[in-house]
Amino acid sequence: MSYESESAITRRDFAKAAAAGLAVLGAARSSQAAKGKRPLKVGLLGCGNRGTGAAIDMLTGNDNLKLVAMADVFEDRLKSSADKIKNHSNEQVRNGFAVKNSHCFVGLKAYKEILDTNIDIVIEGSLPYIRSKHIEAAVNKKKHIFTEKPVAVDPVGIRRVIAAAQKAKEKGLSIVAGTQRRHQQEYVETIKKIHDGAIGEILALRVYWCGGLPFAFDRDPKWSDLEYCLRNWYNYYWVSGDNIVEQHVHNLDVANWVMNDHPINVFASGGRTWKPRIEKYGDLYDNFSCDYEYKNGVHVTSFSRHWHKPCEGGVFEEAVGTKGRSACNDMGTKGINPYVQEHIDLVNSVCGAGPYYNEGVQVAESTLTAIMGRMSAYTGKKLTWDEALNSDLSLVPDDLSFDKSYPLGPVPSPGAPEKA
Ligand SMILES: NC(=O)c1ccc[n+]([C@@H]2O[C@H](COP(=O)([O-])OP(=O)(O)OC[C@H]3O[C@@H](n4cnc5c(N)ncnc54)[C@H](O)[C@@H]3O)[C@@H](O)[C@H]2O)c1
């Protein structure tokens, strides 16, 4: 597959824009751009915890927006999300809620219905297994996109996102991704200093996301396999991508950002060391260790895990150079909440009041970086970027239905082929 590996803002225009004195990031501009124009119409697709949070953050940072449509596979999630937004303590958020019953869509086809409305921006807050299809459909319907990460769970999904991001660029559509460190002032300033030579030539990086056990639900006997997988989503790798893809993607994204590139190969190990092998903990590994190599010979050491206390946790990125070392957020100043800033940047991009953002390829590359680490750990084999990018691995069933049975597990055994 060939594609343009630069995202429109982060790798090329950012430097130009910054040099020209544009306040790309940093001060909240509360969507000055949108003032005097009709309010932008926003739809929320995937009304769970983060989707609801993203809608609140978008309304908090931008005062000329209306949330006009919502969609979720489950009605209870949509209703509790709507309640949270319309009863929010921030008046601007409450006033931004303008969703009529006719614009609430439920079920597996709800994404099509919300994209058929006249929304300008869609917030994609659903789950990794389906996100690439939602992004593709949103671009086809000419919507600007805020998408949560990761954007796919397999290489087939990654290629779908890359193609959609390229199409978005042709259509002038903006895409901002929930890899929010890219909009966090401490990171932006530190990584600019690293790029400007503050620690010399980069020799190596280390990136970690070592946390505890995520949520896990027992199955309600009324739930079909699919309903169980979607409600207990983190624990099935065809839905979440496993912890390296779901969480550690943030830190791998920072590594790619510092390196201004993606890795050329990975060699990884992983396994399930302590997590009980019972249904609610699904089929994930609980630890991954990866050695990524980049074109210039630099290696990135990565760890991610779900281990119980008293094991130590840590979320961290550090670059080591010929003249020193620095955490990737250590040489910057604190800005506003990056979860709000990312929406200010998106809205300014949509309105033409700030630089154009299309982070689609960038977040697809960071997601593939995580996926290739998982593929290497599951198979026990070293893997190149091109092998991962061009792999036919597709984990998500084409025929999703609440009436069908799906295999739940087993936990992958290193050396066995990855299940499709
Ligand atoms: N950027 C961050 O820091 C950050 C933080 C937390 C979560 N996230 C990401 O946000 C996403 C959602 O996580 P969450 O914790 O909100 O989960 P959640 O379960 O609370 O929300 C997901 C929602 O998507 C819905 N959904 C599932 N399949 C759907 C479909 N086909 N169509 C429409 N809706 C569908 C679910 O019913 C649910 O309401 C995940 O990808 C996660 O990685 C990002």
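**Around the ligand**

Author: α2 (49-61), β2 (65-72), α5 (110-115) and α6 (128-140) each give at least two residues to the shell around the ligand; helices (H or I, at least four residues) and strands (E, at least two) are DSSP runs, numbered from the N terminus. Before going on, residues are numbered from 1 along each chain as its sequence is written. And this is a predicted model, where local features need pLDDT of at least 70, side-chain atom pairs count only at pLDDT 80 or more, and totals for chains, interfaces and linings use all residues.

Back to the shell: α2 has the largest share, with 3 residues. There are 27 residues around the ligand, and G46, G48, R50, R77 and G178 come nearest (near means a C-beta atom, placed from the backbone, within 6 Å of the molecule). By type, the shell splits into 13 nonpolar, 8 polar and 6 charged residues, with Ala, Val, Leu, Ile, Met, Phe, Trp, Tyr, Cys and Pro taken as nonpolar, Asp, Glu, Lys and Arg as charged, and the others, Gly among them, as polar. Domain 1 (8-182 + 337-361) and domain 2 (200-335 + 366-390) each put in at least three residues; those bounds come from an automatic or database domain assignment.

Now for a sheet. Its 7 strands form an open, mixed arrangement in the order β12-β11-β7-β10-β9-β8-β13, where strands pair if DSSP finds at least two bridges between them. β12 (324-327) and β13 (383-384) are the edge strands, each with a single partner, so one side of each has no neighbour in the sheet. β8 (residues 265-271) and β9 (residues 287-293) run antiparallel, joined by 7 bridges, and F267 sits opposite D291 in β9. Helix α14 (residues 360-379) packs on this sheet, touching β8, β9, β10 (299-306) and β13, with its direction at about 60° to that of β8. Contact here means C-beta atoms, placed from the backbone, within 7 Å; axes are lines fitted to C-alpha atoms, for helices over the stretch in contact, with angles from 0 to 180 degrees between N-to-C directions.

Most residues other than glycine have a negative phi, and most peptide bonds are trans. K149 and P150 are joined by a cis peptide bond, omega about -20°, and P150 lies in the loop between β5 (144-147) and α7 (155-171). Another cis bond runs from K309 to P310, with omega near 10°.

Note on methods:
Two residues are in contact if their C-beta atoms, placed from the backbone, lie within 7 Å.
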